[in-house]
Amino acid sequence: MGSSSPLIEARGLTKRFGDFTAVDAIDFAVERGETFGFLGPNGAGKTSTMRMISAVSPVTSGTLRVLGLDPMVDGPTIKARMGVVPQQDTLDFELTVYENLLVYGRYFGIPKDVIKSRAEELLDFVQLQERRDSRVEPLSGGMKRRLTIARGLINEPELLLLDEPTTGLDPQARHVLWDRLYRLKQQGVTQVLTTHYMDEAEQLCDRLVVMDQAKIVAEGSPRELIERYTQREVVELRFPEGVELNGKLDGLGERVEVLANRVLIGTDNGDATAHAVHERGIQAESVLVRRSTLEDVFLTLTGRTLVD
Amino acid sequence: MATVAVTSSPLDRALSVTEWHARSYKRTWRATITTAFLNPVFFLLSVGVLLGQLIDDDQAALGGLSYVEFVAPGLLAATAMQMGANDAMWPVMAGIKWLRTYHAVLATPVRVAELVLGTMGWAAIRVFSAAVIFTAVAAIGGAITSPLAVLAPFAALLCGLAFNAPIAAFSASLEGGDDGWFPALNRFVLIPMFLFAGTFFPVSQLPDWLEPVAWATPLWHGVELCRMLTTGNVDALLALVHVGYLSLFVVVGAIVAIRRHRRALLK
């Protein structure tokens, strides 16, 4: 296999469930060694795309090549070289942390002594060595997720798929997890992840596509997307319920988005815009100047927020 | 870059699934020990020995057997039915819907057929070991009169799988994850079979119109097969019919189960 060919390549990839189109003719390519993200709100088609890549969901139409192979034909071969971290952990609660790794390694036909040494290394890596012999059920959400990641690495995959890796975790657990994923990236493991958190996409992804309503609406690195679709900074104003602005904000910044009880003003100079707001005598509950994020990219592209 | 092929065989992969169930079972065996081992032995004691003493005046109706000799193979087959059936209900639903552990298996090179057959393999081990223990207890208690009884656990195994496979197919096709069907299946199918399909009395006792219904049940075939072996009254042709009928349930059940699992898991 040539090193230049993409690890994953999709052309017109489509998934339909009856009349419902979950993924609508998307094109993308994932290169070896990069961390690639699907960013979008719930229901955008991210999980359906991941399931097709992981060879458990038949492609409705279009082409998909994973590791140079067709998932519909060579599913088991692809799976032997891939690690999957599903949205729900799917661990066996009756088993211990260590046994979960042991059992899972056996599905790959890996000899027991090899699984044993790998399991010990992986437990160190995900910082679960102390919980090695405890059952899975009482573990915290972050620990379970780390165990699921260790499990996905038992076959030393070239490609790791992570579906919403930190959804439902507290901020500290998320940071521990991001740190581990960054270490994996340094070790050369290609990662594909879905998320509806813009900070996660910014932290982890070299490149990402923004998905909305089954389609890809933008593609690039986080920085490129922010530069292309937003201004450098955002002035965020909060207003009490029912305040009439009546055009008072006209001409401020480059772009004004009015949301339920806040207004976002995209601008190249946040401080100057904030000053102008003050000059006009606009009474906001709070005025915040911040850098633009992928959240603002999503808002620009779709007119909606990522997380409701 | 080196191409990594899938090195394991289908049998290896099916056995890796069986191994998972066995490891998982280590933690829960205490909860199931009553249904698997104690209940059938209690039944044998209460119905077979104690109630049987009141019935034994009329051994002709039981083909010359004492009641405990008559009922022991019935309980053997019925226990196999219960275990085979129950292993294919909630555990299958849990693997597909609740804990989604089957999805974890399918993220690996294990194929759906290997998952289903490996899981069935675990049910087979459970049914067979319970049958061996029950047969030994019955033999020690004097409820067995033929050395052919060493084959009875295999007959029980066939009977257990004749329920396990079709019910696994049924469980995998419950799209909505509605486990309300399982108590209904127990109440309206399995328990009536347990009570009326030859476990406790010859089906010739049933009203004439009901007797053919009993013949159609897989349990009756399992009971009759076990009874032939524990009593030594073997009719080779009838035995073949029983084996064939039960095997049909196993094979067709397994094929449909694989299809239904595929539909439920590979969407």
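Tutor: Start with contact: two residues are in contact if their C-beta atoms, placed from the backbone, lie within 7 Å. By that test, A168(B) touches A88(B), V92(B), V116(B), M120(B) and A257(B), leaving aside residues up to four places away in sequence. This is a predicted model, in which local features need pLDDT of at least 70 and side-chain atom pairs count only at pLDDT 80 or more, while totals for chains, interfaces and linings use all residues. Residues are numbered from 1 along each chain as its sequence is written, and chains are lettered from A and ligands numbered from 1 in the order in which they are written.

Now the wider setting of A168(B). A nonpolar core is a set of buried Ala, Val, Leu, Ile, Met, Phe, Trp, Tyr and Cys residues joined through C-beta atoms within 7 Å. Buried takes 20 or more other C-beta atoms within 10 Å of the residue's own; 12 or fewer is exposed, and in between is partly exposed. The largest core has 159 residues. A168(B) is among those with the most contacts inside it, as are L161(A), L76(B), A77(B), A80(B), A156(B) and C159(B). Helix α7 of chain B, residues 152-172, supplies the largest share of this core, 15 residues. Another core lies apart from it, with nine residues, including V234(A) and L252(A).

Next, chain B as a whole. Elements are DSSP runs numbered from the N terminus: helices are H or I with at least four residues, strands are E with at least two. Chain B has eleven helices and zero strands. Its radius of gyration, taken over C-alpha atoms, is 20 Å, close to the 18 Å of the globule rule (2.2 Å times the number of residues to the power 0.38) for 267 residues, so chain B is as compact as a globular protein of that length. The C-alpha trace spans about 80 × 35 × 35 Å along its principal axes. Of the 267 residues, 49% count as buried. Among contacts in chain B with a separation of 6 or more, 82% join residues 24 or more positions apart.

Last, the side facing chain A. There, 29 residues of chain B are in contact with 24 of chain A. Two elements of chain B give two or more residues to this side: α1 (10-25) and α5 (101-106). α1(B) gives the most, seven residues. The side divides into 13 nonpolar, eight polar and eight charged residues. Here Ala, Val, Leu, Ile, Met, Phe, Trp, Tyr, Cys and Pro count as nonpolar, Asp, Glu, Lys and Arg as charged, and the others, Gly among them, as polar.
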